[in-house]
Each structure stands twice: as C-alpha cells, then as structure tokens.
Amino acid sequence: MKKAIYVTTMLLLTLALFAGCGSSSANEENKNETEASQVNRITVGFSQLGAESDWRNTNTESMQNAFTKEAGYNLIYKNGQQKQANQITAVRTFIQQDVDYIVLAPATETGWDTVLSEAKEANIPVILVDRRVDTADKSLYSCWVGSDFELEAKKLTAWIKNYTIKRGIAPGELHIVNIQGTMGSTAQIGRTRGLANAARENHWEIISETSGDFTEAKGREVMAALLKRFDNINVVYCENDNMAIGAIDAIESAGGHVGGDIMNGDIMVVSFDGVNKESLEYCKEGKISCIAECNPLHGPRVKALIEALESGNTPEKFNYVDEKIYSSIEDVISVVVDGEKYEVEKPE
Ligand code: GYE
C-alpha cells in the first residue's frame with residue numbers, strides 16, 4: 001500500500017545509483033528481483049496480549065507461521081505481558097510506523113476507544129483476534145475472529161449436568177469453585193457467565209469465584225488457598241487448562257484425589273482449551289474430567305481476513321470457530337446446547 005510505494009521508489013532510486021557500477025550479472029538481477037518483491041510486502045503490527053498460557057503460545061506461533069516473509073508479510077510482533085497499557089503503547093507505535101494492518105488480541109474488553117480512534121484516523125484497519133473489545137462504536141475495528149466462550153461454557157456445564165444425572169448425583173451435592181481467567185477478558189466473561197447461568201438453572205452451589213489470571217502458578221496458588229478455606233469442594237471449574245494443571249498439583253499436594261467419583265471423595269476438575277499435551281494427557285487419565293476445546297490456530301484465519309480486505313471485500317464482522325468437547329469418561333456421549341448436538345470426543 002502507501003508504504004510499499006514509498007519503499008519501491010526508494011529502492012528504484014538506490015538501484016539507479018548502483019546501475020552505474022557496471023554489475024549487471026544474472027545474480028545481481030535475481031537479487032534485485034527478490035528485493036523488489038520484498039518491498040511489496042504487507043506490514044502487519046500484531047499486539048499479542050501476553051504469553052500466559054499454552055493456548056497463547058500456540059496462538060502466537062500460528063500468527064508467526066501465517067505472516068511470513070515468504071507469504072508476503074512483514075510481521076511486527078509485540079508481547080503486551082498481560083498489561084493493557086503495554087498494548088496501547090504497541091498500537092500507538094504501529095500507527096507511528098504506519099503499518100498496513102493492526103491485529104489486536106486485547107487483554108481485556110474496555111478502555112480501547114481512544115487508541116482505536118487514533119488508528120481509524122490514521123486509516124489503518126484493525127482486526128481483532130481471540131478476545132473482543134467493548135466499544136460503543138463498532139466501526140473502530142474491521143472485524144473479529146475467535147471463539148464463542150459462552151458456548152464453550154454451555155457445553156462444559158451441559159456435560160456436568162448429564163454426567164451427574166447419569167451417576168445419580170443430586171444437584172445439591174455439587175459444591176463448585178470457579179478459578180477464573182483474567183478479569184474483564186472476553187474469555188473470562190463468557191465462561192463465568194456460562195457457569196453462573198447453569199448453576200442457577202440446575203441449583204448447583206458455587207462456593208467461590210477467584211481469578212487465577214489464566215496462569216498455572218496462580219491456579220496452584222488460588223486452589224491451595226481455597227482448599228484451606230473450604231472442606232467440601234468437589235468440582236473445580238478452571239477457565240483454562242494451565243490453571244487446571246496448577247490446581248491439580250495443589251489438590252494432590254494437599255493429599256486430595258482428582259477424578260470423577262465425587263461421591264467417594266474425588267474432586268472433579270473441568271477446564272477449557274485442550275491445546276497442550278499435558279492437559280490432554282490428564283484428560284485421558286481422568287484427572288481432568290472434561291475439557292471444552294478452545295482453538296488457538298487463528299493465524300490463517302486472520303490472514304484470510306486481511307486478504308479479503310486487500311481485495312476490496314468486506315468480511316463478516318464476527319467470525320466464530322467450531323470447537324469440540326473432550327472427555328475420557330464414557331457416561332456422557334454427547335451434549336445438546338441451543339439445539340445443536342456435540343459428540344463428546346476422546347482426547348488423543
Ligand atoms: O483460553 C487461555 C488464554 O483468550 C481464549 O486466554 C483465550 C484464553 C485461553 O490465556 O488459555
């Protein structure tokens with residue numbers, strides 16, 4: 001786009017300067033050709049929110065693999081370290097650099113209006129990935145791609161409901177703690193809402209809701225503290241797998257046993273993502289009873305959105321990905337949510 005034209009001009013000037021040096025070999029021409037194709041690359045500034053989980057790392061990798069030089073992109077990647085202020089600075093830097101597109105994976109939903117207005121003023125399209133922003137003016141971003149977090153929660157809670165019915169466990173027997181993700185993030189909001197609604201409808205008790213910020217270390221810390229405060233916890237709803245891994249460690253260190261047999265003293269752990277080997281292994285072993293998948297492979301999806309915009313099309317504003325549900329407990333073979341049936345798959 002605009003920068004490409006500028007850089008092309010600069011390159012042509014440079015080439016003109018060197019033309020007089022008499023080195024017009026085939027090699028040199030090839031080199032010039034490569035350089036010329038490089039300058040037509042699309043520059044994408046990607047503000048990733050952090051590196052808090054395996055999901056996040058896989059997501060970053062997916063973006064980096066999609067936006068390669070070979071594919072015609074210059075990717076400027078910035079890690080926000082889970083701090084919105086860092087992400088706002090990153091977006092401002094992208095605006096100064098006059099990138100072609102800004103891709104933003106926002107940590108939390110609110111507080112983006114000003115910086116996104118600045119991007120709009122600079123005529124730089126913004127694509128949101130994974131979590132969303134809460135702005136009154138939706139024209140501040142072109143489109144979004146990610147998961148339906150509340151749907152994930154509905155699937156997971158439908159699984160709990162079906163499982164307890166199958167095993168003859170009365171609703172009043174469930175004493176749930178929710179280890180939440182980063183407060184104010186779309187993933188946390190949807191997953192917390194999904195559990196709160198299911199608990200109300202099914203008359204389950206939620207003993208406590210505490211944030212573990214989506215990290216394994218905080219998951220461990222929060223769970224250890226909850227075990228000291230309450231002696232009747234029998235379901236741990238973790239808003240991601242890394243916190244589940246930390247929580248399981250805390251439960252086992254305190255002498256507890258994780259698993260589905262809650263009427264015989266087990267603490268049942270359920271979670272979200274299904275991305276890392278360890279959590280899928282835990283799901284196979286029954287340490288995590290059920291995982292609602294959250295798919296992080298957004299690189300090619302964001303690339304397709306940029307390609308659509310490049311060719312003058314208007315992509316859908318909100319783009320959802322399809323996701324599965326995993327369990328190795330055989331009591332429940334499928335769940336039905338909002339009239340859709342989801343087969344429960346065995347983790348691989
Ligand atoms: O579930 C969690 C990560 O926003 C979907 O963020 C994402 C969540 C994901 O830290 O592991």
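This is a predicted model: local features need pLDDT of at least 70, side-chain atom pairs count only at pLDDT 80 or more; totals for chains, interfaces and linings use all residues.
1. **The whole chain.** Looking at contacts with a separation of 6 or more, 72% come from residues 24 or more positions apart.

2. Helix 8 covers residues 216–229, which is 14 residues. From the first C-alpha to the last it reaches 20 Å, close to the 20 Å expected at 1.5 Å a residue. Its buried residues are Gly219, Val222, Met223 and Leu226. Viewed down the axis of helix 8, these buried residues fall within an arc of 100°, so they line one face of the helix. Glu221 and Lys228, on the other side of helix 8, are exposed.

3. **What helix 8 packs against.** Which elements meet the buried residues of helix 8? There are strand 6 (175–180), strand 7 (205–211) and strand 8 (235–238), together with helix 9 (241–253).

4. **Helix 8 with helix 9.** The axes of helix 8 and helix 9 are 7 Å apart, and the two helices pack at an angle of about 40°. An angle of that kind makes helix 8 oblique to helix 9. Their crossing is right-handed. From helix 8, the contact is made by Glu216, Gly219, Arg220, Met223, Ala224 and Leu227. The helix 9 side of the contact is Asn242, Met243, Ile245, Gly246, Ala247, Asp249, Ala250 and Ile251.

5. **Helix 4 with helix 5.** This is a second pair for you to look at. Helix 4 (residues 84–97) and helix 5 (residues 113–121) have axes 10 Å apart and pack at an angle of about 10°. Helix 4 and helix 5 are therefore roughly parallel to each other, since angles under 35 degrees count as such. Helix 4 contributes Ile88, Val91, Arg92 and Ile95 to the contact, and helix 5 contributes Thr114, Val115, Glu118 and Ala119.

6. **Helix 10.** Where do the buried residues of helix 10 sit around its axis? The residues in question, in a helix that runs over 277–285, are Ser279, Leu280, Tyr282 and Cys283. They cover an arc of only 155° around the axis, which puts them on the same side of helix 10. Among the elements that cover these buried residues are helix 9, strand 10 (290–293) and strand 12 (325–326). After helix 10 comes Gly286, with a positive phi near 90°.

7. **Thr192.** Is Thr192 buried or exposed? This residue lies in helix 7 (residues 186–202). Its relative accessible area is 10%, so Thr192 is buried, the cut-off being under 20%. Leaving aside residues up to four places away in sequence, Thr192 touches Asn178, Gln180, Glu209 and Glu239.

8. **His175.** Strand 6 is where His175 is found. With 18% relative accessibility, His175 counts as buried. Along the chain, His175 and Asn234 are 59 residues apart, yet their C-alpha atoms are separated by 5.5 Å. Asn234 is also among the residues that His175 touches, not counting those up to four places away in sequence.

Notes
Residues are numbered from 1 along each chain as its sequence is written. Side-chain values use heavy atoms; hydrogens and water are left out. Helices (H or I, at least four residues) and strands (E, at least two) are DSSP runs, numbered from the N terminus. The expected span of a helix is 1.5 Å times one less than its number of residues. Buried means under 20% relative accessible area, exposed over 50%, partly exposed in between (1.4 Å probe, protein chains only). The arc is that of the directions from the helix axis to the C-beta atoms. Contact means heavy atoms within 4.5 Å. Axes are lines fitted to C-alpha atoms, for helices over the stretch in contact, and angles run from 0 to 180 degrees between N-to-C directions. Angles under 35 degrees count as roughly parallel, over 145 as roughly antiparallel, 65 to 115 as roughly perpendicular and the rest as oblique. A crossing is left-handed if the near helix is turned anticlockwise from the far one by less than a right angle, and right-handed if clockwise.
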